[in-house]
Amino acid sequence: MAGQETGVGVELVDAALEGKAAELVTKLVEDGAASKLAAQDPTLWGSDAESEASIRLSWTTLHKSSRPLIGEIEALRTELQAEGVDRVVLAGMGGSSLAPEVITGTDQVALTVLDTTDAGQVEDALAGDLDRTVIVVSSKSGGTVETDSHRRIFAKAFSDNGIDAASRIVVVTDPGSPLAELAAKEGYRKVFLADPNVGGRYSALTAFGLVPAGLAGADVARLLDQAAGAAGELGADSPENPAVRLAAALGAAHADGAEKVVLADTGSGIAGFADWAEQLIAESTGKQGTGLLPVAVEGQDAPGFADARADATPVAIGPASGNAKIATTGSLGAQMLLWEFATALAGRLLGINPFDQPDVEAAKKAARSLLDNPAALEGGAEPSSVDGAVEIHPSDGVTGTGSLGEIVKAFLDSAPETGYIAVQAYLDRLDDASAALLRSEVAKRTGRQTTFGWGPRFLHSTGQYHKGGHQNGVFLQITGAVETDLAVPDRPYTLGQLQHAQALGDGQVLAEHGRPVLRLHFTDRAAGLAQLVSAIQEAIK
């Protein structure tokens with residue numbers, strides 16, 4: 001296994017894959033790709049990508065450049081604790097939430113993450129002890145609609161409870177963003193300006209990852225130490241470089257028809273790494289009709305990993321185990337840098353720009369259009385049929401008649417043999433957590449690779465791949481009735497309306513791309529979910 005001396009390693013378990021990857025390893029080494037990447041050479045991905053790459057490569061040295069943040073974070077944490085403020089809520093989407101969640105989960109410290117527009121989940125966060133709460137509002141662009149909604153809701157809640165809102169709001173954003181300007185105007189507690197030359201999905205070791213995690217009590221200095229320990233080897237033009245080996249293996253597998261990468265933890269000691277890697281891989285590579293689709297699964301015995309077919313490469317996060325063809329080992333900071341290097345190098349092998357996301361904006365525009373037209377949003381299309389607590393809304397060309405089981409079976413069966421099924425749940429990630437069981441249930445019964453995403457957070461993660469990657473997916477959307485809605489202060493919509501617009505908007509864009517979409521709306525969430533699981537089990541034996 002290469003790389004053990006630095007605490008990061010890649011093992012190519014499958015001899016056939018290792019053999020196919022050998023030629024690409026040689027090519028990357030001869031091209032000096034790893035050292036050029038470490039030196040932030042923007043020419044690695046061709047002339048079309050050069051202008052974007054030239055302002056997106058500072059992540060390669062964050063283990064050094066982020067050091068000054070450590071003292072600032074610790075000083076603020078000490079101040080807050082002296083005031084009795086020790087509960088940290090993070091409002092952020094995509095790269096602003098996924099890394100902090102993995103970092104704090106791995107260090108086993110509490111962080112309440114809001115990367116949702118579900119009114120129930122936000123209401124639960126509001127129900128915590130506001131006297132002890134600070135909210136970190138984190139947005140690279142400074143205009144993320146979900147994050148801005150959370151900021152408005154919490155600012156009002158603080159004020160309504162006699163708490164000076166400005167003293168409890170910490171901002172992480174890029175220099176010059178609308179959020180930076182607002183924070184200065186409102187006098188928010190502190191503003192951390194992140195390195196603007198780092199894209200969101202590569203920002204784990206910037207202020208976006210370190211500030212919320214550090215305020216919550218994670219050892220972020222150690223995280224940088226871990227990355228620093230691996231950096232030298234990851235930037236070396238050597239056939240033993242773990243990032244070169246991983247990129248070559250993924251590239252070789254893709255060329256052989258295995259465009260899915262199935263990620264299972266096998267005892268790494270890292271909590272939820274696949275959820276973070278999912279955005280990195282999907283958003284970096286899923287474009288121009290190609291790319292690697294990450295499939296995060298429950299473990300090495302999970303459907304999709306244990307029974308992976310030729311269209312997928314099972315990757316162990318941790319020691320090689322089970323059906324794994326590749327295994328990556330190392331501490332969290334080291335593995336983050338490993339996968340960032342490998343993903344960027346894989347982009348070179350795939351012939352794409354790993355730093356843009358050309359298809360992400362389409363769903364946002366569609367959602368905004370619906371919010372601007374409340375009549376269309378509230379009216380919407382009538383369901384093609386209703387079965388108990390489930391209203392059925394098929395896109396054009398999708399069967400919408402029959403029992404729920406018949407409709408779902410026909411829809412899932414329409415996925416190509418080597419395609420995939422995406423289950424997208426616009427629900428409460430905490431109260432409706434059992435919805436995540438649909439992934440393994442569908443994968444087990446269909447034999448197709450199946451992903452699961454909480455809406456709208458997946459729009460900032462795998463959403464790019466859905467529109468820009470291999471066009472062989474079918475999309476099962478789940479929405480649910482909102483029991484108690486929350487108004488967004490000084491905005492003409494509620495969280496429930498925003499969530500609904502995001503689901504309909506994304507479904508609309510997928511349908512415009514010719515992708516089959518079946519939306520199931522639960523008029524009663526618990527009853528609808530139970531009914532759907534039962535229908536799948538009955539219809540697909």
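## A pair in the sheet

Strands here are DSSP runs of E with at least two residues, helices are runs of H or I with at least four, and both are numbered from the N terminus; strands pair if DSSP finds at least two bridges between them.

This is a predicted model, so to speak of local features takes pLDDT of at least 70, and side-chain atom pairs count only at pLDDT 80 or more, while totals for chains, interfaces and linings use all residues. Residues are numbered from 1 along each chain as its sequence is written, and side-chain values use heavy atoms, without hydrogens and water.

## The sheet and its helix

β13 and β15 belong to an open, mixed sheet of six strands, ordered β11-β12-β16-β15-β13-β14. At the edges, pairing on one side only, are β11 (385-387) and β14 (449-454). On average, neighbouring strands are turned by 20 degrees against each other, direction ignored.

Helix α17 (residues 404-413) packs on this sheet and touches β11, β12 (390-394), β13, β15 and β16 (517-522), contact being heavy atoms within 4.5 Å. The direction of α17 makes about 150 degrees with that of β16; axes are lines fitted to C-alpha atoms, for helices over the stretch in contact, and angles run from 0 to 180 degrees between N-to-C directions.

## The lining of the cavity

Residues D115, T116, Q121, L427, R429, W454, G455, P456 and R457 line the largest cavity, a set of points on a 1 Å grid over the protein atoms alone where a 1.4 Å probe fits but cannot get out, with lining residues having an atom within 4 Å of a point.

Notes
1 Å grid on protein atoms, 1.4 Å probe; cavity = no way out; pocket = protein on both sides within 12 Å on 5 of 7 lines; lining within 4 Å.
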